[in-house]
Amino acid sequence: MTTPRMRTDLRPLCPAHNTQMVPAHSWLEVDTDVFPKSCYACEEPDCLYCYDIVHGYFTVREGECIEHDMKYRQRCTHDGLAMYLADFEAQGSKRTWRCGQMGCKGSRITEGLPQASTAAP
C-alpha cells in the first residue's frame, strides 16, 4: 500500500461557510507529545474546520484530538481517501466533491442535506 500524497493545488471549501480554505497546520496531541499536522483550514472567525485526504473534514482545538465530521465524509471510489468539497451551488444544495490524492481524478456530486458516504473504497 502506498502512502497517500495530497496534491498541493487543492482548493477545498469549508463545509460550513462554503469559502475557500487555506494551507495551515493543526497542533495535535499524541500521548504526551504535541506536533503540527499539515492540512487546510477555514479562515472564518471561530471556525475550527480543517481538511486533509486521510481524515477528511475534521475539527481540532489546539493540542487536542481530531474530531471527524462524518456528514461531510465522502470517500473516493478509486482509492478510498476522503474527498474535499470543490464546489457548492446553493440552488438545490449541489456539492461537487473531488479526490485530493496526487494523480487521482475521482469525483462525485451530491444534492440536498449532507450525509456521510456509504460508498466502499
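A disulfide is a pair of cysteine sulfur atoms within 2.5 Å. This is a predicted model, in which local features need pLDDT of at least 70 and side-chain atom pairs count only at pLDDT 80 or more, while totals for chains, interfaces and linings use all residues. Residues are numbered from 1 along each chain as its sequence is written, and side-chain values use heavy atoms, with hydrogens and water left out.

**View 1. Cys47 and Cys42.** The structure has 0 disulfides. For Cys47, the closest cysteine sulfur belongs to Cys42 and lies 3.7 Å away, which is too far for a bond. Cys47 is buried, at a relative accessible area of 14% (buried means under 20%, exposed over 50%, partly exposed in between, with a 1.4 Å probe and protein chains only).

**View 2. Cys76 and Cys104.** With 0 disulfides in the structure, Cys76 is in none, and the nearest cysteine sulfur, that of Cys104, is 3.6 Å from its own. Cys76 is buried, with 1% relative accessibility.

**View 3. The sheet S6-S7-S8.** In this open sheet, 3 strands follow the order S6-S7-S8 with antiparallel pairing. Strands are DSSP runs (E, at least two residues), numbered from the N terminus, and two of them pair if DSSP finds at least two bridges between them. Strand S6 (83–89) and strand S8 (107–110) are the edge strands, each pairing on one side only. From one strand to the next, the twist averages 20° (axes are lines fitted to C-alpha atoms, and angles run from 0 to 180 degrees between N-to-C directions).

**View 4. S6 beside S7.** Strand S7 covers residues 94–99 and pairs with S6 over 6 bridges, in the antiparallel sense. Glu89 has Lys94 in S7 as its bridge partner.

Key
Helices (H or I, at least four residues) and strands (E, at least two) are DSSP runs, numbered from the N terminus.
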